[in-house]
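Me: I have a model open and would like to learn how to read it. Can you take me through some features one at a time?

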Amino acid sequence: MNAPSNYAACEQYEHEIADLVDGLLPETDARRVRAHLADCPRCRAWQSRYAAMNEQLGAALPKPALSPGFDAALQARIDVLKPANGREARRAAADQEHDVLLLTLRKYTRRKAVLGALGGATAAGCIIIALQRLVLQESALQAALQGSDRLVVFGAIGAAIAAAVIGWTLSRNAMVMPRFARW
Amino acid sequence: MDAGIEQLLAEGRHARAFDLIVPAFRDRVFRLACSILRDRAAAEDAAQETLVRVWKALPGFDGRAALGTWIYAITRNTCLMEIRKRRPTVSLDDPDSDEAQHAAAAASVGPAADPERDNLLRLLESLPANQQEAVRLFYLEDRSYDAVAESLGMPLGTVKNLLHRARKNLMALAQPVHEEKAA
């Protein structure tokens, strides 16, 4: 039997005895602990009391289970939360539509700028050609309006006006506004 | 199990991930709630509340902690909030308190009246709250230290020490009763 001075050493065994009772001690350690138990009545008594306590606790503590309706009740609560997610989805769709609209606006703005520039360049070119004829040649205006080139002058002026009108019209009408979806 | 769920979470498929989380975690969430609240109905409500919170928080889960660790932390917080909601000024030792009645109700679940079992449960009630939780959870989790450590968010060694102290305390408390019987 262990002397009282060895009880501190016996206490070191308590963890392992508990694991032995719970079946959690590796076999090599279990052999060592069993050898100690064979020689130590104090530890045998402790093991016996621990095993009884362990068994009593295992039997005494209730092991409740979830009720059968648990999943259905949880699903009902989650379903209530899902419309909030639906609103989120609609919001995300609106954000996406907004982004598409911005892209469309940028695209048509570029087209408008290109058409405007082409129209303006055409008009300017025609006006320059006409002015060359009118200003730089002798007896310019009269000669131009009465001479053999008058058709060219009138044609150039008309073409310039037509080009300016077409360019301006295209730039005004080319941008088709996309429709917003209703939600 | 967790790998499939975490893959879905990484892909942003939160609803599908939640469908897998519920069967994988609901029982352990419930058992953890049982060990803290000591009342089957309250534990089931807490398990529902926990899983609803998981559903709401799932898009924000960043994977820094393991999924189980995260869910059990939510469970413990939910249970602590439930305990705070109860009347804070009533002592757990007051036989008329809700807690004492819950404990009595919990104790009454299971086998028919057994004086030894009732005495053991009374002794268990006298232990510090953390030791009680660990003991209850240990037997609810089929004596798995790993499961208790994961659920309580504690290192394995800490859980073993806590359980050892709790069972030693119970044995010390139970000894006078046995000695009286022997006399």
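Reply: Start with one face of one helix. The exposed residues B:N77, B:M81 and B:R84 sit on the face of α4(B) turned away from its buried side. Keep in mind that this is a predicted model.

Me: Which residues of α4(B) are buried?

Reply: The general idea comes first. An α-helix has 3.6 residues a turn, so residues three or four places apart point the same way. In α4(B), the buried residues are B:L67, B:G68, B:I71, B:Y72, B:T75, B:T78 and B:C79. Viewed down the axis of α4(B), these buried residues fall within an arc of 120°, so they line one face of the helix.

Me: How many residues does α4(B) have, and what span does it reach?

Reply: α4(B) has 19 residues. From its first C-alpha to its last it reaches 27 Å, close to the 27 Å expected at 1.5 Å a residue.

Me: What is the pattern of elements in chain B as a whole?

Reply: Along the sequence, chain B reads α-α-α-α-α-α-α-α-α, that is, nine helices and zero strands. Of its 183 residues, 33% are buried. Among contacts in chain B with a separation of 6 or more, 59% join residues 24 or more positions apart.

Me: Which residues have the most contacts inside the largest nonpolar core?

Reply: In soluble globular proteins, nonpolar side chains tend to be buried together. Here the largest nonpolar core has 40 residues, and B:V29, B:A33, B:L37, B:A43 and B:A134 have the most contacts inside it. The elements of chain B that give two or more residues to this core include α1 (2-10), α2 (14-37), α3 (40-57) and α9 (156-182). α2(B) provides the largest share, 10 residues.

Me: Where does this core lie relative to domain 1 and domain 2 of chain B?

Reply: Look at which domains contribute. Domain 1 (2-85) and domain 2 (110-182) of chain B both give residues to the core, so it lies between them.

Me: Which residues is B:A43 in contact with, leaving aside its neighbours within four places in sequence?

Reply: With those sequence neighbours left aside, B:A43 is in contact with B:F30, B:A33, B:C34 and B:L37.

Me: How many residues does each chain bring to the contact between chain A and chain B?

Reply: Chain B brings 30 residues and chain A brings 24. On the side of chain B that touches chain A, at least two residues each come from α2, α3, α6, α7 and α9. The largest share of that side, seven residues, belongs to α3(B). By class, the side of chain B that touches chain A holds 16 nonpolar, three polar and 11 charged residues.

Me: What does the secondary structure of chain A come to?

Reply: Chain A has six helices and zero strands, running α-α-α-α-α-α from the N terminus on. Of the 183 residues of chain A, 8% count as buried. For contacts in chain A with a separation of 6 or more, residues 24 or more positions apart account for 69%.

Me: Is A:E55 buried or exposed?

Reply: A:E55 has 11 C-beta neighbours inside 10 Å, so A:E55 counts as exposed. A:E55 lies in helix α3 (residues 41-60) of chain A. Its C-alpha atom is separated by 10.0 Å from that of A:V21, 34 residues apart along the chain.

Terms used:
Residues numbered from 1 in each chain as written. Chains lettered and ligands numbered in written order. Predicted model: local features only at pLDDT ≥ 70, side-chain atom pairs only at ≥ 80, totals over all residues. Helix = DSSP H or I, 4+ residues; strand = E, 2+ residues; numbered from the N terminus. Buried ≥ 20, exposed ≤ 12 C-beta atoms within 10 Å, placed from the backbone. Contact = placed C-beta atoms within 7 Å. Core = buried A, V, L, I, M, F, W, Y, C linked by C-beta atoms within 7 Å. Domains from an automatic or database assignment. Nonpolar A, V, L, I, M, F, W, Y, C, P; charged D, E, K, R; others polar. Expected span 1.5 Å × (residues − 1). Arc of directions from axis to C-beta.
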